[in-house]
Amino acid sequence: MITLGAASAVWLGVGIGMTVASRNARSDADGHQARIQQMHGQCIEPPSDLIYRCRDVEREAGRAARFGTVSVVSYAVSGALAIAAATYALWPQRATSAGRALRVLPQTYADGGGVFVVGVW
């Protein structure tokens, strides 16, 4: 449960960071677009002196979209992990007989993970 909660918090942090990055990239794209409009230009069929400025708008808008997508996915993963942690914490525990018990425990490491099975007879 602690691991799921911590992972949820990490993904929430990633989502917040990507949201900020997306908004910054969108702001940069809007700034490039405003400079083009001040020059009475447009990016539909730009004159040769505006081609590079229009590419800057496209690049920044693309970055904003990618960061936005990553942030949405991060929020979804964070929510799913939080739900899993809450479900694990609130799920009723089944009583086992005093003589027999089998437990399956997840194990996580920095470079992977596995399952640890403990049995008592």
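Student: What is the handedness of the disulfide of Cys 43 and Cys 54?
Tutor: Keep in mind that this is a predicted model. Take the torsion about the S-S bond of Cys 43 and Cys 54, which is about -90 degrees. With that torsion, the disulfide is left-handed.

Student: How far apart are the sulfur atoms of Cys 43 and Cys 54?
Tutor: A disulfide is a covalent bond between the sulfur atoms of two cysteines. The search of the whole structure finds 1 disulfide. Cys 43 and Cys 54 form a disulfide, and their sulfur atoms are separated by 2.1 Å.

Student: Where in the chain do Cys 43 and Cys 54 sit, and how many residues apart are they?
Tutor: The pair links distant parts of the chain. Cys 43 is in the loop between H1 and H2, while Cys 54 is in helix H2.

Student: Is Cys 54 buried or exposed?
Tutor: Buried means under 20% relative accessible area. Cys 43, at 26% relative accessibility, counts as partly exposed. Cys 54 has 4% relative accessibility, so Cys 54 counts as buried.

Student: Which residue in that loop has a positive phi, and is His 40 buried or exposed?
Tutor: His 40 has a phi near 60 degrees, a positive value in a residue other than glycine. His 40 is placed in the loop between H1 and H2. Its relative accessible area is 76%, so His 40 is exposed.

Student: Are H1 and H2 roughly parallel or antiparallel?
Tutor: H1 and helix H2, residues 51-90, pack with their axes 7 Å apart. The angle is about 160 degrees. Angles over 145 count as roughly antiparallel. Therefore H1 and H2 are roughly antiparallel.

Student: What is the handedness of the crossing, and how many residues of the contact of H1 with H2 are charged?
Tutor: H1 passes H2 in a left-handed crossing. The residues of the contact of H1 with H2 include 23 nonpolar and 11 polar. The charged ones number 7.

Student: Which residues does Ser 8 contact beyond its neighbours within four places in sequence?
Tutor: Ser 8 lies in helix H1, residues 2-38. Ser 8 counts as buried because its relative accessibility is 9%. Leaving aside neighbours within four places in sequence, the contacts of Ser 8 are Ser 78, Leu 81 and Ala 82.

Student: What does Ser 22 touch, not counting residues up to four places away in sequence?
Tutor: Ser 22 is placed in helix H1. At 13% relative accessibility, Ser 22 counts as buried. Not counting residues up to four places away in sequence, Ser 22 touches Ala 64, Phe 67 and Gly 68.

Student: How far apart in space are Ser 22 and Gly 119, C-alpha to C-alpha?
Tutor: In sequence, Ser 22 and Gly 119 are 97 residues apart. In space, C-alpha to C-alpha, their separation is 50 Å.

Student: How far apart in space are Ala 7 and Ser 27, C-alpha to C-alpha?
Tutor: Ala 7 is found in helix H1. Ala 7 has a relative accessible area of 25%, so Ala 7 is partly exposed. Ala 7 and Ser 27 are 20 residues apart in sequence. C-alpha to C-alpha, they lie apart by 30 Å.

Student: Which residues does Arg 53 touch, not counting residues up to four places away in sequence?
Tutor: Arg 53 is found in helix H2. At 34% relative accessibility, Arg 53 counts as partly exposed. Arg 53 and Ile 36 are 17 residues apart in sequence, yet 7.1 Å apart in space, C-alpha to C-alpha. Not counting residues up to four places away in sequence, Arg 53 touches His 32, Arg 35, Ile 36 and Met 39.

Student: How far apart in space are Arg 55 and Cys 43, C-alpha to C-alpha?
Tutor: Arg 55 lies in helix H2. Its relative accessible area is 48%, so Arg 55 is partly exposed. Arg 55 and Cys 43 are 12 residues apart in sequence. In space, C-alpha to C-alpha, the separation is 8.7 Å.

Definitions and conventions. Residues numbered from 1 in each chain as written. Predicted model: local features only at pLDDT ≥ 70, side-chain atom pairs only at ≥ 80, totals over all residues. Heavy atoms only, no water. Helix = DSSP H or I, 4+ residues; strand = E, 2+ residues; numbered from the N terminus. Buried < 20%, exposed > 50% of the residue type's maximum accessible area, 1.4 Å probe, protein only. Contact = heavy atoms within 4.5 Å. Axes fitted to C-alpha atoms, helices over the stretch in contact; angles between N-to-C directions. Parallel < 35°, antiparallel > 145°, perpendicular 65-115°, else oblique. Left-handed = near helix turned anticlockwise from the far one by under 90°. Nonpolar A, V, L, I, M, F, W, Y, C, P; charged D, E, K, R; others polar. Disulfide = S-S within 2.5 Å.
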